[in-house]
Amino acid sequence: MRQMHPIRLEASLHATIWGGRKLEQAVWKQLPEGDVAIGEAWETETSTIAQNGPYAGKTLGELVELLGVHLLGTNAMAVFGRRFPLLAKFLDARTKLSVQVHPNDQYAHEHEHGKLGKTEFWYILATEPGAKIVHGFTEPTTRAKVQQAIEQVKLEELMHEEPVTPGDVVFVPAGIVHAIGSGVLLYELQEYSDVTYRMYDYGRLDTQGRPRELHIERSLDVSHYEASAHIKTRPVTIAEGATYSERCLVACRYFVTCEIVLRTQVEGHTSGSCLILSSLGANLRVRYGQDVQQSEGLERGQTMVLPAALGQYVIEGEGAFLCSYVPANEDKTWRLWREQNS
(Lines give C-alpha, C1' and ligand atoms only; values in the text may rest on other atoms or scores of the structure.)
Protein backbone atom coordinates (compact mmCIF):
# COMPACT_ATOMS: atom_id res chain seq x y z
CA MET A 1 0.00 0.00 0.00
CA ARG A 2 1.25 3.45 -0.89
CA GLN A 3 1.94 5.96 1.87
CA MET A 4 -1.04 8.07 2.88
CA HIS A 5 -0.88 11.83 3.46
CA PRO A 6 -3.24 14.35 5.10
CA ILE A 7 -5.44 16.24 2.64
CA ARG A 8 -5.81 19.98 3.29
CA LEU A 9 -8.75 21.34 1.30
CA GLU A 10 -9.67 24.73 -0.13
CA ALA A 11 -13.33 25.33 0.73
CA SER A 12 -15.85 26.20 -1.98
CA LEU A 13 -17.80 29.41 -1.28
CA HIS A 14 -21.53 29.65 -2.02
CA ALA A 15 -23.43 32.88 -2.52
CA THR A 16 -26.95 32.94 -1.02
CA ILE A 17 -29.72 35.50 -0.63
CA TRP A 18 -29.52 35.12 3.16
CA GLY A 19 -25.71 35.19 3.51
CA GLY A 20 -23.38 38.02 4.46
CA ARG A 21 -19.70 38.83 4.94
CA LYS A 22 -19.07 37.59 8.49
CA LEU A 23 -16.97 34.66 7.39
CA GLU A 24 -14.41 37.22 6.32
CA GLN A 25 -15.05 39.81 9.02
CA ALA A 26 -14.52 37.18 11.73
CA VAL A 27 -11.37 35.92 9.96
CA TRP A 28 -12.70 32.49 8.99
CA LYS A 29 -12.40 32.86 5.23
CA GLN A 30 -11.13 35.18 2.54
CA LEU A 31 -14.15 36.14 0.44
CA PRO A 32 -14.39 37.51 -3.10
CA GLU A 33 -14.22 41.28 -3.40
CA GLY A 34 -17.43 43.26 -3.76
CA ASP A 35 -20.86 43.00 -2.18
CA VAL A 36 -21.50 39.34 -2.89
CA ALA A 37 -23.23 37.70 0.07
CA ILE A 38 -21.59 34.39 1.01
CA GLY A 39 -23.79 32.09 3.05
CA GLU A 40 -21.77 28.88 3.11
CA ALA A 41 -18.21 27.60 2.86
CA TRP A 42 -18.31 23.89 1.98
CA GLU A 43 -15.22 22.35 3.51
CA THR A 44 -15.43 18.78 2.20
CA GLU A 45 -17.38 19.18 -1.02
CA THR A 46 -16.14 16.53 -3.47
CA SER A 47 -15.16 19.27 -5.94
CA THR A 48 -12.89 21.00 -3.40
CA ILE A 49 -9.21 20.86 -4.34
CA ALA A 50 -6.37 19.47 -2.24
CA GLN A 51 -3.72 22.07 -1.46
CA ASN A 52 -0.78 20.02 -0.27
CA GLY A 53 1.65 17.21 -0.93
CA PRO A 54 1.24 14.61 -3.65
CA TYR A 55 -2.52 15.23 -3.76
CA ALA A 56 -2.24 18.94 -4.68
CA GLY A 57 -4.54 19.88 -7.55
CA LYS A 58 -6.77 16.82 -7.25
CA THR A 59 -10.36 17.11 -6.09
CA LEU A 60 -11.62 15.26 -3.04
CA GLY A 61 -13.86 13.23 -5.36
CA GLU A 62 -10.88 12.18 -7.47
CA LEU A 63 -9.03 11.12 -4.35
CA VAL A 64 -12.00 8.98 -3.27
CA GLU A 65 -11.82 7.18 -6.62
CA LEU A 66 -8.04 6.85 -6.43
CA LEU A 67 -7.68 5.76 -2.80
CA GLY A 68 -11.02 4.11 -2.01
CA VAL A 69 -11.14 2.31 1.32
CA HIS A 70 -7.66 3.58 2.24
CA LEU A 71 -9.12 7.10 2.33
CA LEU A 72 -12.67 6.38 3.49
CA GLY A 73 -12.22 3.47 5.91
CA THR A 74 -14.28 0.34 6.44
CA ASN A 75 -16.67 2.00 8.93
CA ALA A 76 -17.50 4.80 6.51
CA MET A 77 -17.95 2.44 3.57
CA ALA A 78 -20.21 0.15 5.61
CA VAL A 79 -22.62 3.05 6.17
CA PHE A 80 -22.18 5.19 3.06
CA GLY A 81 -20.57 3.01 0.39
CA ARG A 82 -17.77 4.23 -1.85
CA ARG A 83 -18.45 7.95 -1.52
CA PHE A 84 -17.16 10.65 0.75
CA PRO A 85 -19.43 10.33 3.79
CA LEU A 86 -19.74 13.74 5.42
CA LEU A 87 -20.06 17.36 4.34
CA ALA A 88 -18.65 19.99 6.70
CA LYS A 89 -19.59 23.66 6.32
CA PHE A 90 -19.16 27.08 7.87
CA LEU A 91 -22.43 29.00 7.56
CA ASP A 92 -23.27 32.71 7.95
CA ALA A 93 -26.97 33.55 8.26
CA ARG A 94 -27.30 37.32 7.93
CA THR A 95 -31.06 36.85 7.58
CA LYS A 96 -33.18 33.83 8.50
CA LEU A 97 -33.27 30.78 6.28
CA SER A 98 -36.41 29.09 5.02
CA VAL A 99 -38.03 26.38 7.15
CA GLN A 100 -36.73 23.03 5.93
CA VAL A 101 -36.84 19.33 6.63
CA HIS A 102 -34.68 16.45 5.37
CA PRO A 103 -35.76 12.88 4.62
CA ASN A 104 -34.19 9.79 6.13
CA ASP A 105 -32.06 7.46 4.03
CA GLN A 106 -34.91 5.11 3.11
CA TYR A 107 -37.21 7.87 1.84
CA ALA A 108 -34.40 9.56 -0.08
CA HIS A 109 -33.36 6.28 -1.66
CA GLU A 110 -36.92 5.57 -2.81
CA HIS A 111 -37.90 9.09 -3.92
CA GLU A 112 -34.62 10.82 -4.80
CA HIS A 113 -32.97 8.32 -7.14
CA GLY A 114 -30.91 6.46 -4.57
CA LYS A 115 -29.56 9.51 -2.74
CA LEU A 116 -28.80 9.70 0.98
CA GLY A 117 -31.07 11.35 3.49
CA LYS A 118 -29.67 13.97 5.81
CA THR A 119 -29.01 14.07 9.51
CA GLU A 120 -26.90 17.02 10.65
CA PHE A 121 -25.74 19.05 13.63
CA TRP A 122 -24.82 22.68 14.27
CA TYR A 123 -22.09 24.09 16.50
CA ILE A 124 -22.91 27.74 17.17
CA LEU A 125 -19.80 29.92 16.73
CA ALA A 126 -21.18 33.47 17.02
CA THR A 127 -24.56 35.16 17.41
CA GLU A 128 -26.11 38.58 17.39
CA PRO A 129 -28.39 39.57 20.31
CA GLY A 130 -31.72 37.73 20.19
CA ALA A 131 -30.54 35.06 17.75
CA LYS A 132 -32.79 32.00 17.50
CA ILE A 133 -33.21 28.78 15.57
CA VAL A 134 -36.34 26.77 14.75
CA HIS A 135 -36.38 23.16 15.94
CA GLY A 136 -39.62 21.21 15.67
CA PHE A 137 -43.01 22.34 16.95
CA THR A 138 -44.13 23.95 20.20
CA GLU A 139 -46.45 21.02 20.87
CA PRO A 140 -47.51 17.82 19.09
CA THR A 141 -49.39 18.59 15.88
CA THR A 142 -50.63 16.86 12.73
CA ARG A 143 -49.90 16.87 9.02
CA ALA A 144 -53.28 18.50 8.34
CA LYS A 145 -52.67 21.36 10.80
CA VAL A 146 -49.22 22.02 9.41
CA GLN A 147 -50.46 22.00 5.83
CA GLN A 148 -53.23 24.45 6.73
CA ALA A 149 -50.75 26.74 8.49
CA ILE A 150 -48.50 26.74 5.42
CA GLU A 151 -51.40 27.61 3.14
CA GLN A 152 -52.43 30.47 5.45
CA VAL A 153 -48.80 31.66 5.85
CA LYS A 154 -49.04 31.10 9.61
CA LEU A 155 -46.59 28.28 10.23
CA GLU A 156 -44.62 30.48 12.67
CA GLU A 157 -47.47 29.98 15.15
CA LEU A 158 -46.69 26.24 15.34
CA MET A 159 -42.89 26.28 15.23
CA HIS A 160 -40.65 26.16 18.28
CA GLU A 161 -38.03 28.91 18.38
CA GLU A 162 -34.98 28.34 20.59
CA PRO A 163 -32.50 31.08 21.60
CA VAL A 164 -28.89 30.20 20.82
CA THR A 165 -25.53 31.52 21.99
CA PRO A 166 -21.92 30.63 21.09
CA GLY A 167 -20.99 27.13 22.20
CA ASP A 168 -24.47 25.64 21.81
CA VAL A 169 -24.69 22.32 19.98
CA VAL A 170 -27.92 21.48 18.14
CA PHE A 171 -28.63 18.00 16.76
CA VAL A 172 -31.00 17.90 13.75
CA PRO A 173 -31.99 14.33 12.82
CA ALA A 174 -33.80 13.63 9.58
CA GLY A 175 -37.48 14.52 9.89
CA ILE A 176 -37.03 17.48 12.25
CA VAL A 177 -38.51 20.70 10.87
CA HIS A 178 -35.85 23.37 11.35
CA ALA A 179 -34.49 26.76 10.36
CA ILE A 180 -31.48 28.90 11.19
CA GLY A 181 -32.44 32.40 12.33
CA SER A 182 -30.78 35.67 11.45
CA GLY A 183 -27.50 36.69 13.08
CA VAL A 184 -26.09 33.17 13.49
CA LEU A 185 -22.68 31.92 12.40
CA LEU A 186 -22.17 28.19 12.81
CA TYR A 187 -20.28 25.05 11.83
CA GLU A 188 -22.39 22.28 10.35
CA LEU A 189 -21.69 18.62 9.74
CA GLN A 190 -24.11 16.44 7.79
CA GLU A 191 -24.52 13.30 5.81
CA TYR A 192 -23.18 14.08 2.34
CA SER A 193 -26.55 14.76 0.71
CA ASP A 194 -28.17 17.62 -1.18
CA VAL A 195 -31.76 16.56 -0.45
CA THR A 196 -33.55 19.44 1.28
CA TYR A 197 -37.29 20.06 1.27
CA ARG A 198 -38.24 23.69 1.71
CA MET A 199 -41.48 23.65 3.69
CA TYR A 200 -42.10 27.36 4.30
CA ASP A 201 -40.49 30.68 3.46
CA TYR A 202 -42.53 33.25 5.40
CA GLY A 203 -44.18 34.45 2.19
CA ARG A 204 -40.89 35.96 0.98
CA LEU A 205 -40.15 36.68 -2.68
CA ASP A 206 -36.90 36.08 -4.55
CA THR A 207 -34.86 38.76 -6.33
CA GLN A 208 -37.20 38.48 -9.32
CA GLY A 209 -40.27 39.15 -7.17
CA ARG A 210 -41.49 35.55 -7.29
CA PRO A 211 -42.23 33.14 -4.42
CA ARG A 212 -39.37 30.70 -3.86
CA GLU A 213 -40.00 27.08 -4.73
CA LEU A 214 -41.50 24.99 -1.93
CA HIS A 215 -41.60 21.19 -1.60
CA ILE A 216 -44.71 20.94 0.53
CA GLU A 217 -45.94 17.42 -0.16
CA ARG A 218 -42.59 15.76 0.34
CA SER A 219 -41.78 17.88 3.39
CA LEU A 220 -45.08 16.80 4.94
CA ASP A 221 -44.32 13.17 4.06
CA VAL A 222 -41.07 13.09 6.04
CA SER A 223 -41.74 15.44 8.98
CA HIS A 224 -41.96 14.42 12.62
CA TYR A 225 -44.97 16.11 14.22
CA GLU A 226 -44.00 15.76 17.87
CA ALA A 227 -42.48 18.58 19.91
CA SER A 228 -38.68 18.28 20.13
CA ALA A 229 -37.75 16.57 23.40
CA HIS A 230 -34.10 17.64 23.20
CA ILE A 231 -32.69 20.51 21.17
CA LYS A 232 -29.30 21.40 22.62
CA THR A 233 -27.08 18.42 23.31
CA ARG A 234 -25.05 17.73 26.44
CA PRO A 235 -21.39 17.48 25.40
CA VAL A 236 -19.58 14.63 27.15
CA THR A 237 -16.04 14.93 28.52
CA ILE A 238 -13.77 12.27 27.02
CA ALA A 239 -10.34 13.39 28.23
CA GLU A 240 -8.92 16.10 30.47
CA GLY A 241 -5.18 16.39 30.87
CA ALA A 242 -2.13 18.60 30.76
CA THR A 243 -1.65 18.35 26.99
CA TYR A 244 -5.27 18.53 25.76
CA SER A 245 -8.92 18.22 26.69
CA GLU A 246 -11.60 16.55 24.61
CA ARG A 247 -15.37 16.43 24.70
CA CYS A 248 -17.85 14.76 22.39
CA LEU A 249 -20.35 17.28 21.03
CA VAL A 250 -22.65 14.90 19.18
CA ALA A 251 -22.77 11.24 18.15
CA CYS A 252 -25.03 9.09 15.97
CA ARG A 253 -24.65 6.24 13.49
CA TYR A 254 -23.50 8.70 10.80
CA PHE A 255 -20.89 10.72 12.66
CA VAL A 256 -19.14 11.48 15.92
CA THR A 257 -17.77 14.99 16.41
CA CYS A 258 -15.41 15.91 19.24
CA GLU A 259 -14.01 19.29 20.20
CA ILE A 260 -10.35 19.13 21.21
CA VAL A 261 -8.72 22.04 23.02
CA LEU A 262 -5.00 21.58 22.48
CA ARG A 263 -2.38 22.83 24.94
CA THR A 264 0.63 21.06 23.47
CA GLN A 265 -0.21 17.90 21.54
CA VAL A 266 -2.51 14.92 21.10
CA GLU A 267 -1.61 11.54 19.60
CA GLY A 268 -3.84 9.16 17.70
CA HIS A 269 -4.11 6.40 15.12
CA THR A 270 -6.56 6.27 12.22
CA SER A 271 -8.24 2.98 11.36
CA GLY A 272 -11.91 2.44 10.47
CA SER A 273 -12.78 5.95 9.25
CA CYS A 274 -11.17 9.00 7.79
CA LEU A 275 -11.00 11.97 10.17
CA ILE A 276 -12.22 15.47 9.32
CA LEU A 277 -10.27 18.14 11.20
CA SER A 278 -11.56 21.74 11.20
CA SER A 279 -9.69 24.45 13.08
CA LEU A 280 -11.77 26.76 15.26
CA GLY A 281 -8.80 29.04 15.85
CA ALA A 282 -5.95 26.67 16.53
CA ASN A 283 -2.72 26.81 14.55
CA LEU A 284 -1.79 23.16 14.19
CA ARG A 285 0.92 20.89 12.82
CA VAL A 286 -0.21 17.38 11.92
CA ARG A 287 2.75 15.01 12.02
CA TYR A 288 2.52 11.62 10.32
CA GLY A 289 4.44 9.02 8.33
CA GLN A 290 7.42 6.95 9.37
CA ASP A 291 8.45 8.02 12.86
CA VAL A 292 5.87 10.86 12.43
CA GLN A 293 8.55 13.02 10.85
CA GLN A 294 6.43 14.51 8.04
CA SER A 295 4.01 17.32 8.80
CA GLU A 296 1.29 19.58 7.39
CA GLY A 297 -0.13 22.79 8.86
CA LEU A 298 -3.72 23.76 9.57
CA GLU A 299 -4.93 27.26 10.46
CA ARG A 300 -8.13 28.93 11.65
CA GLY A 301 -11.09 28.14 9.43
CA GLN A 302 -9.24 25.46 7.45
CA THR A 303 -10.21 21.80 7.13
CA MET A 304 -8.05 18.72 6.61
CA VAL A 305 -8.95 15.07 6.01
CA LEU A 306 -6.78 12.35 7.51
CA PRO A 307 -7.18 9.15 5.44
CA ALA A 308 -8.28 6.05 7.33
CA ALA A 309 -5.04 4.30 6.40
CA LEU A 310 -2.81 7.17 7.53
CA GLY A 311 -1.98 5.35 10.77
CA GLN A 312 -0.16 7.04 13.62
CA TYR A 313 -0.33 10.82 13.87
CA VAL A 314 0.52 13.60 16.33
CA ILE A 315 -1.26 16.97 16.31
CA GLU A 316 0.74 19.83 17.85
CA GLY A 317 -0.22 23.41 18.65
CA GLU A 318 -2.63 25.42 20.78
CA GLY A 319 -6.33 26.17 20.50
CA ALA A 320 -9.58 24.44 19.58
CA PHE A 321 -10.42 22.22 16.64
CA LEU A 322 -13.12 19.72 15.70
CA CYS A 323 -12.52 16.09 14.79
CA SER A 324 -15.28 14.09 13.08
CA TYR A 325 -15.50 10.49 11.88
CA VAL A 326 -17.93 7.68 11.08
CA PRO A 327 -18.14 5.39 14.13
CA ALA A 328 -18.14 1.62 14.38
CA ASN A 329 -21.19 0.06 16.04
CA GLU A 330 -19.22 -0.50 19.27
CA ASP A 331 -17.67 2.98 19.36
CA LYS A 332 -17.08 3.91 23.01
CA THR A 333 -17.46 7.66 22.52
CA TRP A 334 -20.83 7.18 20.81
CA ARG A 335 -21.96 4.98 23.70
CA LEU A 336 -20.91 7.54 26.34
CA TRP A 337 -22.64 10.36 24.50
CA ARG A 338 -25.82 8.32 24.10
CA GLU A 339 -25.92 7.58 27.83
CA GLN A 340 -26.16 11.31 28.59
CA ASN A 341 -28.29 12.27 25.57
CA SER A 342 -31.04 9.69 25.52
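How many bridges join strand β16 to β22, and in which sense do the two run? In this predicted model, 7 bridges join them, and the strands run antiparallel. Strand β16 covers residues 256–262.

I276 faces S324 of β22. Then comes β19 (residues 283–288), with 6 bridges to β22 in the antiparallel sense. L284 stands opposite G317 there.

Buried here means under 20% relative accessible area. In a regular strand, side chains alternate between the two faces of the sheet.

Now step back to the whole chain. Its secondary structure comes to 8 helices and 22 strands. The radius of gyration is 20 Å, close to the 20 Å from the globule rule for 342 residues, so the chain is as compact as a globular protein of that length. Its C-alpha atoms fill a box of roughly 65 × 45 × 40 Å along the principal axes.

Buried residues make up 55% of the 342. Among contacts between residues at least 6 apart in sequence, 75% join residues at least 24 apart.

Finally, the surface and the charges. The chain exposes about 15100 Å², with carbon and sulfur atoms supplying 47% of that area. It carries 33 positive and 43 negative side chains. The centres of these two sets lie 0 Å apart.

How values were computed: Residues are numbered from 1 along each chain as its sequence is written. This is a predicted model: local features need pLDDT of at least 70, side-chain atom pairs count only at pLDDT 80 or more; totals for chains, interfaces and linings use all residues. Side-chain values use heavy atoms; hydrogens and water are left out. Two strands pair if DSSP finds at least two bridges between them. Helices (H or I, at least four residues) and strands (E, at least two) are DSSP runs, numbered from the N terminus. The radius of gyration is taken over C-alpha atoms; the globule rule is 2.2 Å times the number of residues to the power 0.38. Buried means under 20% relative accessible area, exposed over 50%, partly exposed in between (1.4 Å probe, protein chains only). Contact means heavy atoms within 4.5 Å. Accessible areas come from the Shrake-Rupley method with a 1.4 Å probe; for residues, only the protein chains shown count as cover. Lys and Arg count as positive and Asp and Glu as negative; His and the chain ends are not counted. The place of a charge is taken as NZ of Lys, CZ of Arg, CG of Asp or CD of Glu.
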